Amino acid sequence: MDPTLLRLINLRSPPFTTARGGLRLSISALHMLHSHNATATETFTKEPKHYNNNKDKWYTLPPFTPTLNGTAIGKELSGRRTQSKPDVSNTNTTTALKWVLRCCPDLPRSLVQKLFRLRQVRRETSTNVVAEAQERSLKRVAAKDSMNVGDRIFLPITVQQEVPFEKQECHCNEEEVNFIHSLVLYKDPAIVVINKPPGMPVQGGIGIKTSLDELAAACLCYDYSEPPRLVHRLDRDSSGILVLGRTQTSATVLHSIFHEKTFGAKDAVNNEERILQRRYWALVIGCPRRPKGLISAPLGKVVVDNGKSERITIIDNSQNMSAQHAITEYTVIKSSCHGYTWLELSPLTGRKHQLRVHCAEVLGTPIVGDLKYGWQAHRKLKQLPCSNLEKKSNENHTKGKTIPFGLDLESGSINEKHPCLHLHCKQMVLPNVSLALQNVQFSSDYDLSEVESLELVAPLPSHMQRSWDILNS
């Protein structure tokens with residue numbers, strides 16, 4: 001966008017102020033703008049702008065700004081640059097109809113089309129920006145007319161009657177909402193990061209009553225009109241860092257980054273400056289032969305139990321069409337005389353059950369609590385004698401309060417008969433997507449390689465922390 005034009009538009013846009021009882025339509029328009037620009041630095045007037053000859057007649061939408069190409073931005077941030085600089089803004093023409101629907105998702109499409117057919121929609125073109133001191137006239141605009149940067153659309157003020165005032169109600173009680181909020185590790189205009197508890201599924205499905213994506217939509221929207229979106233996954237029984245995109249654009253960027261990480265995994269080997277880094281802690285049964293190494297073993301899905309269930313396994317024939325390349329780096333953190341080893345695992349690809357299968361089938365050291373891929377090793381396990389530390393921990397656990405959603409976050413250490421899965425996403429380094437989108441919005445020539453990184457850290461869950469303490473006591 002031309003800097004001079006941008007400054008003129010900013011001069012036209014008074015600061016946004018929040019007031020109770022505001023119109024739902026204006027809130028939707030504001031958050032739509034957040035959705036496509038992923039920044040909270042530029043806001044627009046909440047009340048309709050009135051003109052001397054059209055007082056109390058029009059409701060003003062934000063100035064038109066082209067949407068950002070999240071996929072191209074994600075590739076650029078991932079370092080997979082082409083010879084020519086990618087176009088980070090969508091070049092597809094945006095019509096007046098599309099812009100109104102984008103700004104006002106609560107308005108029925110049929111109503112918006114009717115307004116255009118009845119010629120009740122007006123536009124102020126960006127060429128009138130310089131005529132600040134003059135009395136301006138609005139011109140009719142057709143649904144298929146193309147929008148130019150800075151153009152403003154004016155709708156009849158009566159459309160506010162068609163917009164519902166109430167948002168979708170959150171069915172969580174106060175204790176549950178506070179619990180979800182307590183999981184938040186980091187939040188900015190583009191992303192929200194939570195420390196996923198073990199035992200809670202990320203997505204809904206058959207037999208799942210409560211999932212994190214639904215809870216995030218109910219409790220973690222904050223001042224946004226759209227719910228946060230998943231951009232990667234964690235197994236139900238694992239824990240740790242889970243990143244969600246707060247807007248459609250930021251989610252697209254993050255999807256692209258995670259996809260490029262898997263697509264370019266072979267190029268990322270021995271590259272210490274990888275743009276996306278994930279480090280898991282796992283407690284495994286046994287000890288790898290080498291203190292550190294690289295696992296490159298393709299994975300595939302097989303059906304077992306006469307088609308009743310499926311599991312992931314190593315595919316020896318790499319030519320198999322169903323095989324997916326999977327690469328994992330591992331480092332021994334600490335070994336125990338009791339036959340356990342703490343590992344740091346860094347997946348360079350993002351395959352289903354990748355770390356669990358690589359540990360069990362390649363290293364021969366299944367993760368503690370993983371009965372799906374290490375049930376034979378668990379059959380041979382001998383329960384550790386209960387130490388004074390564990391006795392005190394158990395006493396505190398019995399006195400503890402109930403955790404919402406039926407979660408048991410205290411039991412499951414190695415000293416119990418049925419330990420929980422000991423796999424935790426402890427650290428993640430990824431680009432500052434919010435800063436990248438903000439800079440690209442102001443200048444399409446911005447060098448995304450200069451964007452700083454975010455380093456996120458999630459503390460161990462209670463059962464893994466107790467296992468750590470037990471093995472070190």
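This is a predicted model: local features need pLDDT of at least 70, side-chain atom pairs count only at pLDDT 80 or more; totals for chains, interfaces and linings use all residues.
## Ground rules

Helices (H or I, at least four residues) and strands (E, at least two) are DSSP runs, numbered from the N terminus.

Residues are numbered from 1 along each chain as its sequence is written, and side-chain values use heavy atoms, with hydrogens and water left out.

Phe 405 has a positive phi of about 65° although it is not a glycine. Phe 405 counts as partly exposed because its relative accessible area is 24%; buried means under 20%, exposed over 50%, and partly exposed in between (1.4 Å probe, protein chains only).

Tyr 222 is not a glycine either, yet its phi is positive, at about 55°. Tyr 222 sits in the loop between helix H7 (212-219) and strand E7 (229-230), and with a relative accessible area of 34% it is partly exposed.

## Strands and their partners

Two strands count as paired if DSSP finds at least two bridges between them. Four strands form an open sheet in the order E1-E4-E2-E3, with antiparallel pairing. At its edges are strand E1 (58-60) and strand E3 (139-140), each pairing on one side only. Strand E2 (residues 122-124) is joined to E3 by two bridges, and Arg 122 has Arg 140 in E3 as its bridge partner.

The hairpin of E13 and E14 has four residues between the strands, and Gly 339 takes a positive phi near 95° in it.

## Gly 286 and its contacts

Gly 286 lies in the loop between E9 and strand E10 (292-296). Gly 286 is partly exposed, at 24% relative accessibility. Not counting residues up to four places away in sequence, Gly 286 touches Gly 339, Tyr 340, Thr 341 and Thr 365, where contact means heavy atoms within 4.5 Å. The C-alpha atoms of Gly 286 and Ala 377 are 9.2 Å apart, although 91 residues separate the two along the chain.

## The nonpolar cores

A nonpolar core is a set of buried Ala, Val, Leu, Ile, Met, Phe, Trp, Tyr and Cys residues joined through side-chain atoms within 4.5 Å. The largest one has 68 residues, and those touching the most other members are Ile 73, Leu 77, Ile 241, Val 243, Leu 345, Leu 423 and Met 428. Helix H8 gives the most to this core, with five residues. Apart from it lies another core, of 21 residues, including Tyr 59, Ala 96, Leu 97 and Cys 103.

Leaving aside neighbours within four places in sequence, Leu 77 is in contact with Val 253, Ile 257, Ile 275, Pro 431, Ala 436, Leu 448 and Val 451.
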